[in-house]
Amino acid sequence: MIRIVPRTQFGFWATAFPLLLAFSITVVVGFLVMVAMSEQPLSDTWTLLTFPWQARTASVQWGFVLQKSSYLAIMAVGLSIGFRANVWNIGAEGQFAFGSIAAFAAYLLFGMPDTTWFLPVMLLFGILGGIAWALIPAALRVWANTNELLTSLMLVYVAANVLNYVTTGPWKGDPKAGQAESDPIHESLRIASIIERTDFHWGVIISAGAILVLAFVVLFTTFGYSLRVAQNTPRAQKFAGFSPQMTVWMSFALSGATAGLAGAIFLSAETGKLIQSENYLNGLGFTAIVIAFLGRLHPIGIVAAALLISYVNVGATYVQSASQVDDAVADLVQVTALFAVLGTAFLSQYRIVFGKADLSTEGAV
Amino acid sequence: MSDLVIQILAASMLLATPLLLAAIGELVVEKSGVINLGVEGMMLIGGLAGFIGLYQLQSSTCTMLIGENCFASENSVNQFQYIGSLLVAAIVGAMAAALFGFLTQYFRANHIAAGLGLTVLGAGLSNSLGGNFFGVDYTSAIVASVPPLFPESWGDVPVVGPLLFSQNLLVPFSFVMLAAVWFFLNRTRAGLVVRAVGENHHSAYALGYPVILVRMLTIMFGGAMAGLAGAFIVIAQIAPKWTEGITVGKGWLALALILFSTWRPGRVLLGAYLFGIVLALEPRLKAIFSNMSLELSYFLTALPYIVPVVVLVMISRNPVMIRRNAPASLGQTFEPRS
């Protein structure tokens, strides 16, 4: 007889056991996916796990991993602030787009300055653009009681249309390009690589700094504490001196800021120009939601999850080019990990007991 | 002019039907106290499954197979093959939903996180399987169109022809299901149990109702309806064609419809057709005013996503309405008290 009983003691294993279990499930299922999709599953799995050392230059592959995980981690940390307090901003993709648009707008507004000193201004405008777009669903939630989850998602599609509009209309660049795109920004405004010829650029460092600041706010300030309280007991939050409205405003402002910053960095470091939405937005804002849950909404967990998922993602792309295994393997591993983490999360509150009920040792339930 | 009106109405019926189907399913799910945000993902998986089913059924009975595609033009898809593919879509949709159900009901996962995960799973899985499923690339597979329910000549009858006789099987089905769900929820004992479970799962459990089983069943019903909605978009809305992310947010529109309807079946119908008309107007307005400014043109493209936001704001400003009709246990994880 298997029964589920609430935990009375919360030690190290209450947190570690579910995560270890989820990790094991992901590894097993991930390998089964590989068996299903590959003709030589063993060697392909080995390639996926050790790809940086298999590739011609390991630093390039590590650069990809760091670059991808920095975008995911910064956005996921921002989103997790709201998720902790049951404020559901799932429109980070749109705020990312607006960060890019605002950064480019600043570039045009100040007369296309050709100096690296202007870069911080662009990043600042990116942050402001993300915040501005995120505050729309926040305002609708606070003033009109509208479900922020649906409105923030709908605004992703609207933001994609705004991006398409500016790249085909007022800011249209080279008409001979195969896609709608703006003119490129000056080379001096492109974020430079730290290690030559890799994607490990200063944007990764900026993101890491922002993550540290946010992690400090969430873990060590009264405001962060009130958000953590809000997750389980909204009423107790009032005693900490924060109104639910304030929580909505702050959650959206912070998650919008991180998504906007990521968008501005992406513009400067990766593309150097705005491109029509289909070729510019690649779902980072949606993957960040998964990362936030994978990291159990904790900054350290999120950074670890972002690194792991990016590693698998870049590895899958490498395996695809090396031995024709569809890189959808990465998507499947990612979703398996998400479901495994969600499905085992209750084990940090409960434990599984084999045998008959013995109320004397389990306490009153 | 009246031609145009009828054309727009007929098109909006086509566009509203998948919204209606998915929303009916989700309505029952939410009435039982579960919020499943994975509608979009279930639509994608179900839609792809239906398309694969139709392709396989067609090529197994094809009289003129060239390479991997069927080129027999004469009625190469009949209603039975279509119904078969719809069944496949419904079953696969229900299976995807069951995954969500196991996570949220047995493993007590957060509804919102699991639902978002299901959407991610649906998008990822349908993208990869659509490109290569047992060696067939379904993004380039060709399948003949589904004939309308009635003889094609009936479609020429003025007004009722295009509106009633040239419609697809699922259009009348959506109305029948709407009526059936209304009857089930409001006039049957089983429907009362579903609503009781949604209002207060502890009371329902204390009365001896199997809360988790009821919820599993409603979740799977919702998945089956979302699968049908996806299959309709892929197979019947235009010509059968699979493209990645073909639902472009229709699943989320269906979720918005539930809020719009304040959990009442009649208003689900109203909302679905309102969104359907907006979706149908967009390309036609662009065709009529072909010299409209770029701003206006992009505004029209974004309109199907702006209208739901505006409508939701108008509905939500009256919190009494929502509180009176919303299932009280909506989105809460059920933990039986022993």
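How are H4(A) and H13(A) oriented to each other, oblique or roughly parallel? In this predicted model, helix H4 (residues 58-84) of chain A packs against helix H13 (residues 284-294) of chain A at an angle of about 60°, with the axes 8 Å apart. The two helices are therefore oblique to each other, since angles under 35 degrees count as roughly parallel, over 145 as roughly antiparallel, 65 to 115 as roughly perpendicular and the rest as oblique. Axes here are lines fitted to C-alpha atoms, for helices over the stretch in contact, and angles run from 0 to 180 degrees between N-to-C directions.

The contact, in which C-beta atoms placed from the backbone lie within 7 Å, involves residues of H4(A) including Tyr71(A), Leu72(A) and Phe83(A), and residues of H13(A) including Leu284(A), Gly285(A) and Ile291(A). By class, this contact of H4(A) with H13(A) has 12 nonpolar, 3 polar and no charged residues, where Ala, Val, Leu, Ile, Met, Phe, Trp, Tyr, Cys and Pro count as nonpolar, Asp, Glu, Lys and Arg as charged, and the others, Gly among them, as polar.

Between the chains, the contact takes 34 residues from chain A and 36 residues from chain B. On the side of chain A that touches chain B, the largest share, 10 residues, comes from H7(A).

Residues are numbered from 1 along each chain as its sequence is written, and chains are lettered from A and ligands numbered from 1 in the order in which they are written. Because the model is predicted, local features need pLDDT of at least 70 and side-chain atom pairs count only at pLDDT 80 or more, whereas totals for chains, interfaces and linings use all residues.

Key
Helix = DSSP H or I, 4+ residues; strand = E, 2+ residues; numbered from the N terminus. Contact = placed C-beta atoms within 7 Å.
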